[in-house]
Amino acid sequence: MKSFLKYFIVTIFLFFILLVILDFTYSCIYRYPVHARNKVSWLMNKPANKVYDYAIFGSSRVFFHLNPEQIKSKTGLNGINLGYPASNNFEIKLMVQEFLKHQKTKKIFIQVDDQYNKEHFDPTAIIPWLPFIHNATIYNEIKAVDSTAVYKKYLPFYRYMIYDSKLGFRELMMSFINPNKFESTNGFIPMFNGNNERKTAKNIVLENKKNSHLEAIIDICKNKNVDVFFFTAPYYDTNINTNVLEQNLPNYKDFSNTFEREDYFSNSSHLNERGAEAFTNLFSLTYF
Amino acid sequence: MLFNSIDFAVFLPIVFGIYWFIVSKKLKLQNLFIVLASYVFYGWWDWRFLALIAFSTAIDYAVGVALSKQKERTTRKVLLWISIVVNLGFLGFFKYYNFFLDNFVSAFSFFGKNIQANSLNIILPVGISFYTFQTLSYTIDVYKRKLEPTKDFIVFAAFVSFFPQLVAGPIERATNLLPQFYVKRQFNASLAKDGLRQMVWGLFKKIVIADNCAQFANDIFSNYDDYSSSTLWLGAVYFAFQIYGDFSGYSDIAIGTSKLFGFNLKQNFATPYFSRDIAEFWRRWHISLSTWFRDYLYIPLGGSRGKKIIQLRNVFVIFIVSGFWHGANWTFIVWGTLNALFFLPLLLTNKNRKHTNVVAENHTIPTLRETLQMIITFVLTVFAWIFFRAESVEKALLYIKGIFEFSVQLEDRLTLNRYAFELLPLIGILIIIEWFSRQKEHPIKTNAYSTLYMIFILLLIILFGSFSNIQEFIYFQF
C-alpha cells in the first residue's frame with residue numbers, strides 16, 4: 001500500500017506542478033499576447049494614458065453597430081468601441097472601470113436594452129476577464145457576483161479547462177498567429193445579413209428599478225469627471241418600455257425604434273453593415 | 001454517477017480508503033461494503049431503480065440455490081425459465097415495450113385496421129441490459145452445471161452490482177468474477193498502479209477523443225442536409241472514433257477501477273480498428289457482449305456446425321439480436337443486419353477465423369495487404385455506424401445519399417471552429433499509441449517510462465480535453 005500511495009502522491013504532485021506551469025504560461029500569454037484576440041485583452045494591453053474623445057460600451061449591439069472610424073472621418077473625433085458580445089451590465093462596468101483606470105476620455109456612452117434589469121454576470125462575456133483574475137480589483141468584482149470565483153482563482157488551470165472552447169489551446173495558438181479583425185477599426189466589426197429572425201416582432205418589458213452596476217458606472221464617471229450618456233440602439237419591430245430607462249438613467253436617448261427598414265437589420269436585435277453605417281451617422285449627428 | 005464527474009472523483013477515494021483501511025480485515029465486510037458502495041453509485045442516478053436490481057439479484061440467487069438442490073430435469077428447466085422470463089421481462093418492458101407497441105399499431109394500420117394504443121412514458125434504467133445479461137449468464141451456467149451456485153447472498157449481490165462495471169460493462173461471466181468474491185482481496189500495489197494507468201488512458205479516450213469528436217459528429221449528423229459528401233464522411237469517421245473512445249474509454253476506466261479493488265475484469269476492446277476483416281473486428285469490439293452471444297445464443301443454435309443455410313441463419317440471428325440489444329430502434333436492427341452481410345462472404349469462404357492473431361504480429365509496419373485490409377474493414381464499419389448513429393433508418397439513408405453525391409468542401413464551420421485542426425492530429429496520436437501497444441491490454445503498461453508516459457497522457461487530457469462539453473457515456477442508454 002505504501003508504494004502505491006507514494007506512486008499516487010507523486011503522480012498527483014507532478015500533475016499539480018503541470019497545472020501550475022500551464023496556468024502560469026497561459027496567463028502570461030493571455031496577458032501579453034502577440035495578437036489580442038478579444039477586447040478585454042486588447043484594452044488591458046493598450047498603452048496607458050491614451051486620450052480618447054469618447055468611448056462606447058455595451059454588448060454586441062455596440063460591437064456591431066457603431067464605427068469609430070466613420071465618426072472620425074465626419075467629426076475628427078478619436079473614439080473607441082468597447083462593446084463586447086453578450087455583455088451584461090456587470091461586464092460593462094468592469095470594462096468601464098478598467099478603461100478609466102488606464103485611459104483618458106471626456107465622454108462615455110453606454111448602450112442599455114433588454115438586459116437592463118440583469119444584476120448577474122454573463123457566463124460567456126466574463127470569460128475574457130478570467131486570465132486577469134489575479135488582479136485584486138477584478139477578482140473582488142467577480143467574487144461579488146460569481147460564487148465559484150475562488151476556484152477559478154486558486155485552482156491552477158481550472159478556469160482554462162472549464163472554458164476550453166474560449167480559453168483553450170486553440171485560442172492560445174491563435175493569439176500567436178491570427179490577429180483580430182476589430183483592431184484596425186477601433187473596435188467595430190459589421191454584422192452581415194443573417195436569418196429571417198428579424199421578421200418576428202418582440203415585446204420587451206423592463207422593471208422599473210435601478211441597476212447597481214449602472215449606478216456604479218455613474219459614480220465612477222462622476223469621480224473621474226467624465227460625462228456619461230446612456231442610449232438604446234435600434235431594434236427591428238420591437239416594443240420596449242424605454243420610459244423606465246429614461247427615469248433611471250441620466251442623459252438617456254432612445255434609438256430603439258429609429259429604423260423600420262428591414263434591409264437595415266441582420267436579425268431583430270442587430271443591424272447589418274448598412275444599418276450600422278446609418279446608425280453611426282445618426283449617433284454622430286446626435287452627440288457630436 | 002459518471003466516471004468523468006467530480007462526484008466520482010470524490011466517491012472513489014472515499015470507497016478506496018474505507019475498503020482497504022477499514023473493512024479489509026474480513027472477506028464478508030469487503031463484500032458487504034462493495035454492495036453498499038455499488039448501491040450508492042447506482043442510486044446516485046435514480047435510487048428508485050435500486051429495487052429492480054435487488055429484485056433481479058434475489059430471483060437469480062434463489063433460482064441458483066434451487067437449481068443446486070434440484071436433480072429433476074423438468075423442474076430445473078422451469079427454474080431456468082423463471083430466471084429468463086423475469087430478467088428478459090424487465091428488459092423487455094423497460095426497453096422494448098413502446099417499440100413493439102408502436103410497431104404493432106403501424107402494422108395494423110398498414111393492413112387497414114386502426115387501433116388505439118398509448119405509449120408509456122418509461123424511463124430506461126441505466127445499465128439494465130448489462131446486469132440482466134450478467135445475471136442470465138449465471139443462471140444458465142448453473143443450469144448447465146458449468147458453475148457451482150453461490151450460497152452467499154452478499155457475494156452474489158456484489159457480483160451483480162459491482163459498481164465499476166454495473167452500468168456499462170464489461171458484461172462479466174460468473175465463472176470469471178464470482179470466484180474473485182470468494183477470496184479476501186489483498187492489496188496488490190502493482191495491480192493498483194496498473195489500474196490507475198488504465199483509468200488515465202480511458203479518460204484520455206473519453207475526454208479528449210470521444211467528447212471532442214462528439215461535438216462535430218453531433219453537428220454533422222443533426223444538419224446532414226447542409227453538408228457536402230466529404231464532410232458527411234468526416235462526420236461518420238468522427239462518430240466511429242467517438243463511439244470507440246467513449247465505450248472503450250469507459251471499459252478501461254471500469255477495468256482500471258476494478259484493479260484498484262483487487263479485481264481482474266476481462267478485456268473488452270482489443271484495438272478493433274486494426275482488424276483485417278469484420279470477423280476479426282467482432283472478436284475485438286465489445287468482446288464481453290460478442291462472447292456472451294457466441295456462448296449463449298450462437299453455439300446453442302448450432303454455431304458454425306451443420307449445413308451452410310443453418311450457419312447463415314445463426315449468423316443473421318446473432319447479429320440482428322446483437323443490434324436489437326443496443327436499442328429499440330430499427331436503426332440498430334439494420335446495423336446488425338449490415339454487419340451480418342459483411343460477415344457473410346467470410347463465412348461462405350470459410351475465412352471467418354483467418355485472422356485470430358494480432359495484425360503485423362512480428363513487425364512494426366503493416367504490409368500493404370494488411371493496410372488495405374484494415375482500411376476496407378474500417379470503411380465498412382464506419383458505413384454501418386451511420387445506421388447506429390442516425391435517429392431513423394430514413395435519416396441514415398439520406399445521410400448515405402449525401403455521401404454519394406461526391407461533393408468536396410470542408411465547410412468553414414469545420415475548419416474554423418475549435419479543434420477542427422487539432423482533432424484529426426489527436427485521432428492520429430490515438431492511432432499511433434494504440435498501434436504500438438496493440439499487443440497489450442492498454443498502452444501505459446508498466447515499464448521504465450510508464451510514469452512519464454502517464455504524465456504525457458495527463459498533459460494531453462488537460463490541454464485538449466473537452467471539459468466544457470462533457471458528454472454522457474453513449475452506452476448508458478443501452
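Predicted model: local features only at pLDDT ≥ 70, side-chain atom pairs only at ≥ 80, totals over all residues.
1. Within chain A, the lowest confidence falls in helix 10 (residues 169-177), where the mean is 82, while the highest, at 95, falls in strand 5 (residues 227-232).

2. Chain A contains 13 helices and nine strands. Its radius of gyration is 21 Å, close to the 19 Å given by the globule rule for 288 residues, and chain A is therefore as compact as a globular protein of that length. Taken along the principal axes, the box filled by the C-alpha atoms of chain A is roughly 75 × 45 × 40 Å.

3. Of the 288 residues, 55% count as buried.

4. The accessible surface of chain A amounts to about 12900 Å², and carbon and sulfur atoms account for 55% of that area. As for charge, chain A has 33 positive and 27 negative charges, whose mean positions are 7 Å apart.

5. Tyr158(A) belongs to helix 8 (residues 158-162) of chain A, and it counts as partly exposed because its relative accessibility is 28%, which lies between the 20% and 50% cut-offs. When residues up to four places away in sequence are left out, Tyr158(A) touches Tyr151(A) and Lys152(A). The C-alpha atom of Tyr158(A) is separated by 8.4 Å from that of Leu19(A), a residue 139 residues apart from Tyr158(A) along the chain.

Methods
Residues numbered from 1 in each chain as written. Chains lettered and ligands numbered in written order. Heavy atoms only, no water. pLDDT = per-residue confidence, 0-100. Helix = DSSP H or I, 4+ residues; strand = E, 2+ residues; numbered from the N terminus. Rg over C-alpha atoms; globule rule 2.2 N^0.38 Å. Buried < 20%, exposed > 50% of the residue type's maximum accessible area, 1.4 Å probe, protein only. Areas by Shrake-Rupley, 256 points an atom, 1.4 Å probe, with all protein chains shown as cover. Lys, Arg positive; Asp, Glu negative; His and termini not counted. Charge placed at Lys NZ, Arg CZ, Asp CG, Glu CD. Contact = heavy atoms within 4.5 Å.
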